[in-house]
Amino acid sequence: NLDIGEFVAITGESGSGKSTLARKLAENYNLPVLHFDRVQFRPNWEIRPQKSKEVMTKAFLDLHKDWVIDGNYSKLSFERRMAEADVIILLLFPKLSCLYRVTRRYLKYKNTTRADMADGCREKLDWEFVKWILKDGRTKESRQRYQGVIDQYPGKTIVVRNQRQLNSVQDSINRVIVNTIM
């Protein structure tokens with residue numbers, strides 16, 4: 001059985017479902033959630049200054065006694081998040097699966113702003129983002145960072161590589177919730 005604990009870090013490939021999973025966990029466990037896309041962007045996709053992002057991240061971590069955080073953002077207390085997390089869920093879906101998921105998300109939220117995005121950041125799917133999903137976001141550095149998490153925290157890292165595995169993780173979490181309630 002899966003026990004997610006009080007601190008959950010969700011990281012992985014763009015379009016793999018990090019924010020959706022974080023939202024579900026936060027709702028089911030009544031945990032505060034930090035979506036790093038809300039930290040990264042101001043309205044209309046303007047990138048927030050690095051110092052502001054660092055201050056926001058540190059303040060969230062310092063303020064909450066438990067949390068769910070989704071996103072990569074290696075320059076935003078990444079080591080602290082991984083060390084403090086009771087469980088790390090690493091979503092490493094194949095690139096075409098991520099592209100499919102992002103396309104489906106775009107069609108669902110087109111011309112609106114998702115709850116896990118900064119206000120005024122309407123859902124978009126442009127060539128730059130497609131290129132990020134398929135190539136630019138899948139760097140040797142990011143693969144090494146993910147492998148480093150697996151190596152450093154093997155007892156608390158769950159690697160999810162496809163939807164079937166993600167469903168299994170979610171089912172395990174739901175069983176924990178039901179058992180906790182009863």
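Let's start with disulfides: the structure holds 0 of them. A disulfide here is a pair of cysteine sulfur atoms within 2.5 Å. Where do two of the cysteines sit, Cys98 and Cys121? Cys98 is at 0% relative accessibility, so Cys98 counts as buried. Cys121 is buried too, with a relative accessible area of 1%. Buried means under 20% relative accessible area, exposed means over 50%, and partly exposed is in between, using a 1.4 Å probe and protein chains only.

A word on the model. This is a predicted model, where local features need pLDDT of at least 70, side-chain atom pairs count only at pLDDT 80 or more, and totals for chains, interfaces and linings use all residues. Residues are numbered from 1 along each chain as its sequence is written, and side-chain values use heavy atoms, with hydrogens and water left out.

Now the strands. Helices (H or I, at least four residues) and strands (E, at least two) are DSSP runs, numbered from the N terminus. Look at β1. How many of its residues are buried? The count is 6 of 6. Phe7, Ala9 and Thr11 point one way. Val8, Ile10 and Gly12 point the other way. In a regular strand, side chains alternate between the two faces of the sheet.

What does β1 pair with? Two strands pair if DSSP finds at least two bridges between them. β1 runs parallel to β5, joined by 4 bridges. Phe7 has Trp67 as its bridge partner there, and Val8 has Val68. β1 also runs parallel to β6, with 5 bridges. On that side, Ile10 partners Ile89.

Stay with β5 for a moment. Trp67 and Ile69 are buried on one side, Val68 and Asp70 on the other. β5 also pairs with β2, in parallel, through 3 bridges. In that pairing, Val33 stands opposite Val68.

Next, the cores. A nonpolar core is a set of buried Ala, Val, Leu, Ile, Met, Phe, Trp, Tyr and Cys residues joined through side-chain atoms within 4.5 Å. The largest one has 21 residues. Val8, Ile10, Leu25, Val68, Ile89, Leu91 and Val160 have the most contacts inside it. Several elements supply at least two residues each, including β1, α1, β6 and α8. Apart from this core lies another, of 16 residues, among them Leu34, Phe60, Leu61 and Val149. In soluble globular proteins, nonpolar side chains tend to be buried together.

First, α3, residues 50–63. It has 14 residues and reaches 20 Å from first C-alpha to last, close to the 20 Å expected at 1.5 Å a residue. That expected span is 1.5 Å times one less than the number of residues. Which residues of α3 are buried? Lys53, Thr57, Phe60 and Leu61. They cover an arc of only 95° around the axis, which puts them on the same side of α3. The arc is that of the directions from the helix axis to the C-beta atoms. On the other side, Lys51 and Leu63 are exposed.

Then α7, residues 140–152, with 13 residues. Its buried residues are Ser142, Arg145, Tyr146 and Val149. These also cover an arc of only 95°, which puts them on the same side of α7. The face turned away carries exposed Lys140, Glu141, Asp151 and Gln152. The buried residues of α7 pack against β1, α4, β6 and β7, where contact means heavy atoms within 4.5 Å.
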